[in-house]
Amino acid sequence: MSLVVLNRRNLLISGGAVLASGVLAAGTSSLLLPARAEGLAPTESMTGGANNYRKGAPIVERIGKGGFWMSGTVRRAGDGAPLAGQRIQIWAHTVEGQEHEPQSHGATLTDKDGAFRLEMPQIIPIFGQPHGHLAYDSGEFKTVFLRPIMRSAKDASLEAHFVLQPA
Amino acid sequence: MIWAALALVIGVPVALAATSEQLAWRGPVYILAGFAGIIALGLVLVQPLLIGGVLPGLSAYRSRRVHHWIGGALILAVVIHVAGLWFTSPPDMIDALTFSSPTPFSPFGVIAMWAIFAVALLASMRRRLGLRLRTWRAVHIPLAIVIVIGAVVHCLLIEGTMETVSKAVLCAAVLAAAVKVMVDLWRKRMVRSENLARQ
């Protein structure tokens with residue numbers, strides 16, 4: 001399981017959301033969220049996560065010319081089992097287009113380990129923060145919108161992790 | 001000397017932002033909105049200097065007149081800033097204005113904006129409301145503090161086109177100018193009330 005680095009900004013802005021996103025060990029989550037002490041808590045959508053979302057972005061090999069990697073995992077709430085074949089939509093303001101423009105959007109599927117990885121153009125700071133957007137919005141599980149922030153605008157990769165609960 | 005320093009403190013950050021590589025990835029409206037924000041911060045620096053009589057070559061009367069005009073320019077800059085960002089990404093701007101934005105700097109900017117609008121509205125009605133100088137200051141100074149702190153925090157937390165050091169210097173100058181002028185006003189008032197007490 002990969003860990004997302006918790007820095008001050010993440011903690012300040014979306015500490016709750018990051019913790020709840022299940023990137024920390026299940027034990028920690030259950031300590032912080034006693035109501036779901038029986039297992040891995042589902043990821044909550046992040047504030048602003050759905051901004052400039054375009055429903056139904058096509059599954060692509062790569063968004064634009066690439067050069068930047070968006071990756072993450074998709075697991076099931078409760079037992080944390082990896083979810084294969086889940087469609088994750090990704091978009092951001094990049095060197096090749098603004099957030100709302102179609103060429104800035106694409107989707108990919110998780111592999112058998114529940115992991116996904118999609119190459120896209122370099123994300124640049126927009127509205128004061130270098131950030132990406134990800135969505136799970138396929139119906140089988142509850143829709144989740146994420147808005148992870150890059151530690152540095154120079155980073156060439158970004159991670160986001162989903163823990164989904166049945167719709 | 002003071003004029004030259006003022007021109008540098010405002011001019012350098014604007015010039016460095018104009019060389020930012022980020023501009024290449026932005027549309028013209030977004031660029032305009034960003035620069036309107038930087039200019040607005042520069043105007044927030046000029047305002048206390050005018051009213052404190054710090055700028056040489058301007059009479060107290062002229063300074064006050066210019067202070068009013070700059071106030072109007074500040075409104076215009078803020079409106080361009082907000083409208084341009086709204087045009088660039090409506091959902092992000094709506095989040096900011098409704099205080100539901102994920103970005104920690106947004107509420108500071110929005111609060112400063114409302115404080116600026118409030119000052120301008122009150123200033124335009126001051127005569128009609130018959131506000132005396134003392135009452136006016138009791139209203140304007142707290143709002144000015146909100147504007148200065150809001151604008152500085154807003155600006156410092158943003159990762160954008162501004163170069164870090166010149167941005168920090170401009171923000172420090174904004175804070176220093178506001179503090180100096182307010183302390184001076186407060187001292188003058190103390191001296192005056194002491195004099196009154198002696199008489």
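Select α1 and α2 of chain B, two helices whose axes come within 10 Å and cross at roughly 170 degrees, where axes are lines fitted to C-alpha atoms, for helices over the stretch in contact, and angles run from 0 to 180 degrees between N-to-C directions. The helices α1(B) and α2(B) are therefore roughly antiparallel to each other, a term that applies to angles over 145 degrees. What you have open is a predicted model, in which local features need pLDDT of at least 70 and side-chain atom pairs count only at pLDDT 80 or more, while totals for chains, interfaces and linings use all residues. For the selections, residues are numbered from 1 along each chain as its sequence is written, and chains are lettered from A and ligands numbered from 1 in the order in which they are written. Helices (H or I, at least four residues) and strands (E, at least two) are DSSP runs, numbered from the N terminus.

Now show the side chains between these two helices: B:Val9, B:Ile10, B:Pro13, B:Val14 and B:Ala17 in α1(B) meet B:Phe35, B:Ile38, B:Gly42 and B:Leu45 in α2(B), contact being defined by C-beta atoms, placed from the backbone, that lie within 7 Å. The residues of this contact divide into eight nonpolar, one polar and no charged, with Ala, Val, Leu, Ile, Met, Phe, Trp, Tyr, Cys and Pro counted as nonpolar, Asp, Glu, Lys and Arg as charged, and the others, Gly among them, as polar.

Next, colour the largest nonpolar core, which has 37 residues and in which B:Leu41, B:Val44, B:Leu45, B:Ala151 and B:Val174 touch the most other members. Such a core is a set of buried Ala, Val, Leu, Ile, Met, Phe, Trp, Tyr and Cys residues joined through C-beta atoms within 7 Å, and a residue is buried if 20 or more other C-beta atoms lie within 10 Å of its own. At least two residues of the core come from each of α1 (2–18), α2 (28–51), α3 (60–88), α5 (106–129), α6 (133–157) and α7 (164–198) of chain B, and α2(B) gives the largest share, ten residues. Centre the view on B:Val44, which, leaving aside neighbours within four places in sequence, is in contact with B:Leu74, B:Ile147, B:Val148, B:Ala151 and B:Val174. Another core, of 32 residues, lies apart from this one and includes A:Phe68, A:Phe116, A:Met120 and A:Phe141.

Moving to chain A, you will find two helices and nine strands, and buried residues make up 46% of its 167 residues.

Select β3, β2, β7 and β8 of chain A, which in that order form an open sheet with antiparallel pairing; two strands pair if DSSP finds at least two bridges between them. The edge strands are β3 (105–109) and β8 (144–146). Between β2 (residues 87–91) and β7 (residues 133–136) there are three bridges, and A:Trp91 stands opposite A:His133 in β7(A).

Finish with the open sheet β4-β1-β9 of chain A, whose pairing is mixed. Because β4 (115–120) and β9 (157–164) each have a single partner strand, one side of each is left without a neighbour in the sheet. Eight bridges join β1 (residues 68–76) to β9(A), and these two strands run parallel; A:Trp69 stands opposite A:Ser157 in β9(A).

Methods:
Buried ≥ 20, exposed ≤ 12 C-beta atoms within 10 Å, placed from the backbone. Parallel < 35°, antiparallel > 145°, perpendicular 65-115°, else oblique.
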